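Reader: I have a new model open and would like to read it feature by feature. Could you walk me through it?

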Amino acid sequence: MDTLEKIQEIVVTELGVDADEVTPEASFIDDLGADSLDIVEVVMAFEEEFDIEIPDEDAEDIGTVQDAVDYIENAL
Amino acid sequence: MSLKGKVALVTGSSRGIGKVIALKLAEEGAKLVINYPVADEAESAQQVVEEIEDLGAEAIALQADVTAMEEVKGMVKEVKQEFDTIDILVNNAGITRDTLLLRMKEEDWDAVLDVNLKGAFNVTKAISRIMMKQRSGRIINISSVVGLMGNAGQSNYAASKAGLIGFTKSVAKELAPRGVTANAIAPGFIETAMTDQLSDKVVEQMLSVIPANSFGQPEDVADTALFLASEGAKYITGEVIRVDGGMTM
């Protein structure tokens, strides 16, 4: 499973959205209906899955699914 | 049996008010986690477990020093293994190191703040994600009227209990959208082993400022905790309920 697929799986679980909604361009807030607590939960799930630390200031810059893919691939 | 099937963790519940709260929640059908800080307390914690089992409810005793995040995480993990989830958290663990400010050592300050305030932070943080995920939960912090009005000789204790109130309100705001409530109880003078040691003169002085003209019982605090843990309290959050016989109104 590549990074995008793993991220899509996490987002589906955490936000309770349909898999086909989680496109690379999808914005967590505008398209996937996440609020600030949801974002924290998603970020924490990323941290667990990929065994990385995502500081708050970096998390603020993750707006879309593709942003998350880029950030995580860069961090690995 | 209003709490049937719910899982409750009460910190510092091997004795004192914590024990009475644990028994009260168990009477209503909750499964209980009796937390105690050090091995010396293991026996009394086990006795509480047995008393709960006699009521026909389930309970386990787990040792964890609430000031140590790793121990707290370990405890929460064990609770999840045993009972799957945590529905009710009562941050009750507390200590006093009373002395006048002039004589208060840095260790006295740190010890009280560590257990009473940081301990609540550690346990609340460790369980908040579980409650958020299940979209329900009750966090009940045992503060004190001393946190509202101050008390000579208790600047450390008062600061910790006032801190708990600010903590309660912030957590309430953060977790309200997830169906998790956070409230504080501020007991006044409650009859415990501690108040039993007071002289008649001090008791008389204390009673003179309590309109109810009597000390509270641990059950009075436990009944309030039970209410806050119940379904009926779901729309109450960020509240501080005084249980003080009218002392500080």
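Author: Gladly. Let us begin with burial: a residue is called buried when its relative accessible area is under 20%, exposed when over 50%, and partly exposed in between. Please keep in mind that this is a predicted model. As a case, both A:Glu41 and B:Arg178 are buried.

Reader: What kind of contact do the side chains of A:Glu41 and B:Arg178 make?

Author: For a salt bridge, look for a side-chain nitrogen of Lys or Arg within 4 Å of a carboxyl oxygen of Asp or Glu. Here the side chains of A:Glu41 and B:Arg178 form a salt bridge, at 3.5 Å from N to O. A:Glu41 sits in helix H2 of chain A and B:Arg178 in the loop between H6 and S6 of chain B, so this pair joins two chains.

Reader: Which residue of chain A also meets B:Arg178 in a salt bridge, at 3.1 Å?

Author: That is A:Asp35, whose side chain meets the one of B:Arg178 at 3.1 Å, N to O. This pair joins two chains too, because A:Asp35 belongs to the loop between H1 and helix H2 (36-50) of chain A, while B:Arg178 is in the loop between helix H6 (155-175) and strand S6 (180-187) of chain B. As for burial, B:Arg178 has a relative accessible area of 4% and is buried, whereas A:Asp35, with 31%, is partly exposed.

Reader: And is A:Glu14 buried or exposed?

Author: A:Glu14 has 18% relative accessibility, so it counts as buried. Its side chain forms a salt bridge with that of B:Lys133, 2.6 Å from N to O. The pair crosses between chains, with A:Glu14 in helix H1 (residues 3-15) of chain A and B:Lys133 in helix H4 (residues 106-134) of chain B. B:Lys133, at 41% relative accessibility, is partly exposed.

Reader: Which residues do salt bridges with shared partners join into one network?

Author: The network is made of A:Glu14, A:Asp35, A:Asp38, A:Glu41, B:Lys133 and B:Arg178. Over all chains, the whole structure has 11 salt bridges.

Reader: Let us move to helices. How should I read one?

Author: An α-helix has 3.6 residues a turn, so residues three or four places apart point the same way. For length, take helix H1 (residues 16-27) of chain B: at 1.5 Å a residue its 12 residues should span 16 Å, and the end C-alpha atoms are 17 Å apart, which agrees.

Reader: How many residues of H1(B) are buried?

Author: In H1(B), 9 of the 12 residues are buried, so the helix is mostly covered. Among them are B:Ile17, B:Val20, B:Ile21 and B:Leu25. The cover over the buried residues includes strand S1 (7-10), strand S2 (31-36), helix H2 (42-54) and helix H9 (218-229) of chain B. After H1(B) comes B:Gly29, with a positive phi near 100°.

Reader: In which sense do S2(B) and S3(B) pair?

Author: S2(B) and strand S3 (residues 59-63) of chain B pair in the parallel sense, over 5 bridges. For example, B:Asn35 has B:Leu62 in S3(B) as its bridge partner. Together, S2(B), H2(B) and S3(B) form a right-handed β-α-β unit.

Reader: Finally, where is B:Thr248?

Author: B:Thr248 is in the segment after strand S7 (240-243) of chain B, and its relative accessible area of 16% makes it buried. Its side chain has a polar contact with the side chain of B:Asp244, at 2.6 Å. Beyond the neighbours within four places in sequence, B:Thr248 is in contact with B:Val145, B:Met149 and B:Arg242.

Notes
Residues are numbered from 1 along each chain as its sequence is written. Chains are lettered from A and ligands numbered from 1 in the order in which they are written. This is a predicted model: local features need pLDDT of at least 70, side-chain atom pairs count only at pLDDT 80 or more; totals for chains, interfaces and linings use all residues. Side-chain values use heavy atoms; hydrogens and water are left out. Helices (H or I, at least four residues) and strands (E, at least two) are DSSP runs, numbered from the N terminus. Buried means under 20% relative accessible area, exposed over 50%, partly exposed in between (1.4 Å probe, protein chains only). A polar contact is a pair of N or O atoms within 3.5 Å; within protein, one must be able to donate a hydrogen and the other to accept it, and residues adjacent in sequence count only if both atoms are side-chain atoms. Contact means heavy atoms within 4.5 Å. The expected span of a helix is 1.5 Å times one less than its number of residues. Two strands pair if DSSP finds at least two bridges between them. A crossover is right-handed if, with the strands pointing away from the viewer, the path from the first strand over the helix to the second runs clockwise.
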